[in-house]
Amino acid sequence: MRILVTGGAGFLGSHLCERLLNEGHEVTCLDNFFTGHKKNIVHLMSDPSFEMMRHDVVDPFKIEVDQIYNLACPASPVHYQHNAIKTIKTSVMGAINCLGLAKRLGARVLQASTSEIYGDPDVHPQPESYWGNVNPIGIRSCYDEGKRCAETLFFDYHRQNNVDIRVMRIFNTYGPRMDPQDGRVVSNFIIQALKNEDITIYGDGSQTRSFCYVDDLLEGMVRLMNTEGLTGPVNIGNPGEFTIKELAEKVIEMTGSKSKLSFLPLPSDDPKQRQPDITQAKAKLDWEPKIKLEAGLERTIPFFKDIVDAES
Ligand code: NAD
Ligand code: UDP
């Protein structure tokens with residue numbers, strides 16, 4: 001198949017492009033390099049089945065493909081809050097442009113949605129039927145509401161124009177090629193631990209997250225895309241739930257670090273807990289994550305060690 005991956009130079013997108021090429025597809029990566037990097041895809045450039053398009057999803061694009069994975073959007077709070085208006089435009093206009101393309105081509109299109117659409121959830125764990133608890137005017141809203149609007153557009157194009165959609169709600173994912181500058185908790189903690197610097201815990205560290213290793217996540221993504229008769233939304237994430245303090249302690253232990261914990265103010269609207277209910281993914285995709293947090297961290301720490309060693 002000919003497959004378009006928007007955001008293909010980012011963390012998840014670059015792994016996805018690689019996987020699709022390995023499966024024998026022709027892959028076009030569309031990216032404006034806002035948070036993505038050429039180094040994530042440089043090893044794919046010599047593959048004749050791989051093509052790179054420097055473009056912004058906010059502006060319409062024409063290309064002939066059979067499937068579209070729409071991943072273009074900054075994903076970490078530091079990056080999506082950098083230019084909040086651009087973040088909403090990316091989610092909303094990017095969705096419209098991908099859906100318009102899918103409609104014209106009769107192509108299937110998958111939206112990389114997020115657990116953030118549940119906001120600061122008062123239902124735990126979160127099933128897809130939960131409508132969420134989202135602040136519409138806070139500092140996270142550009143991302144949360146942008147992604148919610150994108151989901152709405154996906155279902156409206158499906159109902160009105162019969163577009164073949166897949167909506168995937170991704171929970172916190174980690175692994176090699178996370179941007180070391182994007183301020184996410186796994187990357188921050190590993191880098192700080194490797195440098196023996198204080199581990200920056202926001203709040204008292206009792207808030208929870210459920211961390212999915214990138215390979216597990218992509219398996220769920222590709223299965224959802226290729227399952228017939230299922231629009232979603234489907235949660236894909238690892239139900240193993242940890243407090244942020246537990247994560248810090250685990251990273252310190254696994255890196256043999258001398259770092260101490262340092263407690264900083266909690267950013268506003270920071271969700272207190274998050275854990276996917278993956279009943280649907282298990283039943284309909286026969287999918288569940290295989291890589292536990294410790295095993296995933298073992299594969300991720302060396303990636304950051306190379307970066308830290310290169311700096312020193
Ligand atoms: P990332 O920041 O590494 O990748 C996003 C990519 O999109 C980057 O390559 C960036 O340059 C590109 N991009 C951003 N704005 C663009 C625009 N206007 N036009 C074209 N390209 C643009 O983030 P990621 O972690 O790989 O996330 C990929 C997708 O998955 C995002 O849509 C994100 O919202 C979603 N998601 C990720 C997670 C996670 O934990 N990583 C969780 C939930 C949802
Ligand atoms: N966090 C933290 N220290 C950091 C970075 C993040 O304590 O250096 C916390 C953050 O406040 C949140 C959790 O870790 O409670 C996950 O943050 P991340 O930005 O990785 O993802 P998200 O909040 O979008 O789930």
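Q: Are α5 and α9 roughly parallel or oblique to each other?
A: In this predicted model, helix α5 (residues 185–194) packs against helix α9 (residues 293–311) at an angle of about 55 degrees, with the two axes 10 Å apart; helices (H or I, at least four residues) and strands (E, at least two) are DSSP runs, numbered from the N terminus. Axes are lines fitted to C-alpha atoms, for helices over the stretch in contact, and the angles run from 0 to 180 degrees between N-to-C directions. Angles under 35 degrees count as roughly parallel, over 145 as roughly antiparallel, 65 to 115 as roughly perpendicular and the rest as oblique. The relation of α5 to α9 is therefore oblique.

Q: Which residues of α5 and α9 make the contact?
A: Two residues are in contact if their C-beta atoms, placed from the backbone, lie within 7 Å. On the α5 side the contact is made by Val186, Ser187, Ile190, Ile191 and Leu194, and on the α9 side by Thr300, Ile301, Phe304, Lys305 and Val308.

Q: How do the residues of the contact of α5 with α9 divide into nonpolar, polar and charged?
A: Ala, Val, Leu, Ile, Met, Phe, Trp, Tyr, Cys and Pro count as nonpolar, Asp, Glu, Lys and Arg as charged, and the others, Gly among them, as polar. On that basis the contact of α5 with α9 divides into seven nonpolar, two polar and one charged.

Q: What pLDDT do local features need in this model?
A: Residues are numbered from 1 along each chain as its sequence is written, while chains are lettered from A and ligands numbered from 1 in the order in which they are written. Because this is a predicted model, side-chain atom pairs count only at pLDDT 80 or more and totals for chains, interfaces and linings use all residues, whereas local features need a pLDDT of at least 70.

Q: Is the crossing of α5 and α7 left-handed or right-handed?
A: A crossing is left-handed if the near helix is turned anticlockwise from the far one by less than a right angle, and right-handed if clockwise. For α5 and α7 the crossing is right-handed.

Q: How many residues of each class has the contact of α5 with α7?
A: In this contact Val185, Phe189, Ile190, Ala193 and Leu194 in α5 meet Ile244, Leu247, Ala248, Val251, Ile252 and Thr255 in α7. By class the residues are 10 nonpolar, one polar and no charged.

Q: How many of the residues of α5 are buried?
A: A residue is buried if 20 or more other C-beta atoms lie within 10 Å of its own, exposed if 12 or fewer, and partly exposed in between, with C-beta atoms placed from the backbone. The buried residues of α5 include Asn188 and Gln192, and what covers the buried residues includes β7 (173–174), β8 (199–202), β9 (208–210), α7 and α9. α5 is mostly covered, and of its 10 residues the number buried is nine.

Q: Is methionine 178 buried or exposed?
A: Methionine 178 lies in the loop between β7 and α5, and, leaving aside its neighbours within four places in sequence, is in contact with Phe11, Arg184, Val186 and Ser187. Because methionine 178 has 23 C-beta neighbours inside 10 Å, this residue counts as buried.

Q: Is phenylalanine 33 buried or exposed?
A: Phenylalanine 33 is found in the loop between β2 (26–31) and β3 (50–54), and its phi is positive, near 60 degrees, in a residue other than glycine. Since phenylalanine 33 has 12 C-beta neighbours inside 10 Å, it counts as exposed.

Q: What is omega for the peptide bond from glycine 232 to proline 233?
A: Proline 233 has its place in the loop between α6 (214–225) and β11 (234–236). The peptide bond from glycine 232 to proline 233 is cis, and its omega is near 5 degrees.

Q: What radius of gyration does the protein chain have?
A: The protein chain contains nine helices and 13 strands, and its C-alpha atoms fill a box of roughly 55 × 45 × 40 Å along the principal axes. The radius of gyration is taken over C-alpha atoms, and the globule rule is 2.2 Å times the number of residues to the power 0.38. With 312 residues, a compact globule would have a radius near 20 Å, which agrees with the chain's value of 19 Å.
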